[in-house]
Amino acid sequence: MIHIIDKFYVDGGNYEFTLLKETNSVDKKGNTIYKPLGYYSNIANCVEAVRKIKCRELTAKENIELYEAVTAFKQIAEELVKATEGLK
């Protein structure tokens, strides 16, 4: 499993990658429970999905002005770029 940022992870399968989000729960054995968010053909698509999810979560939490949203969206994108440095 690959940690992207925050509570987001990617798990590889035979034919695709699964985007997962860590929950605040554990199973009976004490293992962290992850919620599947989608299936993607490559990791780049998973990272893009994380960007979109984080932007949606931000706007769902609170009412903000457009310029605040644009600034926050840029910060999210920069955080992901930093996390994926060296992949290109």
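**Entry: ground rules.** I am reading a predicted model, where local features need pLDDT of at least 70, side-chain atom pairs count only at pLDDT 80 or more, and totals for chains, interfaces and linings use all residues. Residues are numbered from 1 along each chain as its sequence is written, and side-chain values use heavy atoms, with hydrogens and water left out.

**Entry: the sheet.** I looked up the strands (DSSP runs of E, at least two residues; helices are runs of H or I, at least four, and both are numbered from the N terminus). Four of them, 4 strands in the order β1-β2-β3-β4, form an open sheet with antiparallel pairing; to pair, two strands need at least two DSSP bridges between them. β1 (2–3) and β4 (32–40) are at the edges with a single partner strand each, so one side of each has no neighbour in the sheet. I found 7 bridges between β3 (residues 17–26) and β4, and Leu 20 has Pro 36 in β4 as its bridge partner.

Which residues of α2 are buried? They are Ala 69, Ala 72, Ile 76 and Leu 80. They cover an arc of only 75 degrees around the axis, which puts them on the same side of α2; the arc is that of the directions from the helix axis to the C-beta atoms. The face turned away carries the exposed Tyr 67, Lys 74, Glu 78, Val 81 and Lys 82. Buried means under 20% relative accessible area, exposed over 50%, partly exposed in between (1.4 Å probe, protein chains only).
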